[in-house]
Protein chains: 2
Amino acid sequence: MPVERPRRRIPEATVARLPVYLRILIEQANEEVESISSDGLAELAGVNAAKVRKDLSYLGSYGTRGVGYEVAFLVYQIRRELGLTHDWPVVIVGAGNLGQALAGYGGFGQRGFPVAGVVDIDPSKVGSVIAGVRVRHIDDLDQIVQTRHVNIGVVATPPSAAQDAADRLTRAGVTSILNFAPVVLAVPNGISVRKVDLAVELQILSYYEQRRMGVGLQAIGSSDSGRGASA
Amino acid sequence: MPVERPRRRIPEATVARLPVYLRILIEQANEEVESISSDGLAELAGVNAAKVRKDLSYLGSYGTRGVGYEVAFLVYQIRRELGLTHDWPVVIVGAGNLGQALAGYGGFGQRGFPVAGVVDIDPSKVGSVIAGVRVRHIDDLDQIVQTRHVNIGVVATPPSAAQDAADRLTRAGVTSILNFAPVVLAVPNGISVRKVDLAVELQILSYYEQRRMGVGLQAIGSSDSGRGASA
DNA sequence: AGGCATTCGTGCGCGCGTTCACAAAGTCCG
DNA sequence: CGGACTTTGTGAACGCGCGCACGAATGCCT
């Protein structure tokens with residue numbers, strides 16, 4: 001079975017939008033919509049129609065001129081390109097508030113990222129069960145990663161422990177890390193890291209808020225954060 | 001007292017990095033470090049030194065050639081520019097798992113974003129107390145926003161309720177929204193929206209993982225996600 | 001005081017991503 | 001069957017942000 005090779009390198013910005021398109025397309029499919037135009041999809045995704053077409057063109061020429069894109073087929077293609085044709089088990093490091101919330105968050109497993117394990121360094125946390133997953137000691141990390149073929153690790157530790165968690169993850173063989181700790185992780189070359197930082201997001205909003213006030217007179221300035229959508 | 005005007009428009013990319021610099025600088029200040037060079041800060045932030053200098057130059061010429069930047073002063077300047085000289089109370093819509101976790105997350109209040117209120121549409125949730133904050137009904141949103149002078153709203157509802165939450169927030173006068181629901185929000189012009197989407201982040205990682213495997217032979221490709229740091 | 005080492009501030013070129021605009025390709029209808 | 005209409009796919013221009021490289025400014029040492 002010849003798994004088709006990725007056509008070309010897809011720009012980072014496009015990769016970041018594909019999941020959004022995918023979610024929308026799945027919604028449309030659930031509502032029995034069979035076909036959608038770049039215009040329609042653009043509106044739902046809050047972006048420019050030309051951008052949608054260019055983004056989708058990286059997957060191949062899967063549209064029909066005069067008609068649009070077949071929803072089901074597009075879902076399949078995006079899934080394939082994003083590597084979502086099979087599950088990616090993840091391991092969560094840190095069983096504190098955040099780790100527990102993440103483990104309990106249904107959207108994980110349902111979307112193809114089952115929780116292969118939750119580990120913590122604190123022996124008193126080991127053994128407790130969160131959302132059906134037993135917390136294990138961090139020393140078991142290697143074993144979990146290897147037996148469950150985990151490629152993605154989630155850092156949900158306090159800031160001070162985050163770098164150590166990342167080190168252990170990479171040493172265990174994990175090649176992608178999703179970091180929730182407000183820390184800049186140092187990782188070996190070739191390891192992907194994405195971070196989710198609440199405080200940073202709020203502070204960015206704060207900047208634009210302050211700017212709005214600073215101007216004081218006109219409230220026009222479209223100080224959109226760049227990731228927002230406007231009606 | 002003349003509150004200095006924002007000098008120029010600061011690029012979005014820079015605004016997104018300032019909070020990172022700020023956190024690092026505060027850490028350094030706590031460790032009694034009085035001065036730091038763009039090189040040093042760059043290393044800690046995992047970015048290019050020239051970028052650091054250019055970013056900081058948007059705030060003004062606050063460095064000393066041959067020496068570097070005075071940490072305490074830089075902290076003050078970044079704080080001022082980001083509008084962090086005073087608190088920004090936030091209101092959380094949705095008292096489910098996520099809403100509770102967010103309300104309980106200490107990093108909120110400590111970093112200048114106290115939780116002014118948590119609201120939910122479900123009467124059975126109203127009245128319960130989360131992390132010292134009593135959950136109120138969503139109909140009280142307007143009152144909370146006005147009496148507490150809230151500018152920032154957090155959407156922590158299920159996807160199906162997210163748009164309604166955003167509508168209510170903007171109607172109540174909120175001008176910035178942090179959206180945790182996997183939905184593209186439609187908001188009036190001039191409203192800032194930032195989103196935090198778990199599934200999207202994981203799917204982006206999935207893409208690069210799949211790519212790594214697809215290539216099959218070399219494991220070199222520096223498939224960094226663009227927001228990561230490498231050692 | 002003078003020279004040297006260090007580090008900032010920034011002009012400039014480059015590459016990426018966004019957007020426009022249009023030809024190509026297909027549908028639909030009379 | 002032909003012509004009008006719709007929508008895709010993409011070439012090209014534009015703009016932004018990144019990083020280099022270097023002049024300018026400051027501190028330090030002799």
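These legends describe close-up views of a predicted model. Local features need pLDDT of at least 70, side-chain atom pairs count only at pLDDT 80 or more, and totals for chains, interfaces and linings use all residues. Residues are numbered from 1 along each chain as its sequence is written, chains are lettered from A in the order in which they are written, and side-chain values use heavy atoms, without hydrogens and water.

**View 1. Protein residues surround DNA strand C.** There are 25 of them (near: a heavy atom within 4 Å). A:Arg17, A:Lys51, A:Arg65, B:Ser38 and B:Tyr69 are the closest. α3(A) gives the largest share of this surface, four residues. Helices here are DSSP runs of H or I with at least four residues; strands are runs of E with at least two.

**View 2. Side chains meet the phosphate and bases of DNA strand C.** A polar side-chain atom of A:Lys51 sits 3.3 Å from a phosphate oxygen. B:Arg53 places a side-chain N or O atom 2.9 Å from a base nitrogen. For B:Lys54, a polar side-chain atom is 3.1 Å from a base oxygen.

**View 3. Chain A holds an open sheet of seven strands.** The order is β6-β7-β5-β4-β8-β9-β10, with mixed pairing (at least two DSSP bridges between two strands). β6 (129–130) and β10 (192–195) stand at the edges with a single partner strand each, so one side of each has no neighbour in the sheet.

**View 4. Strands β8 and β9 of chain A run parallel.** Four bridges join β8 (residues 152–155) to β9 (residues 176–179). A:Val155 has A:Asn179 as its bridge partner in β9(A).

Methods:
Polar contact = N/O pair within 3.5 Å; in protein donor to acceptor, adjacent residues only side chain to side chain.
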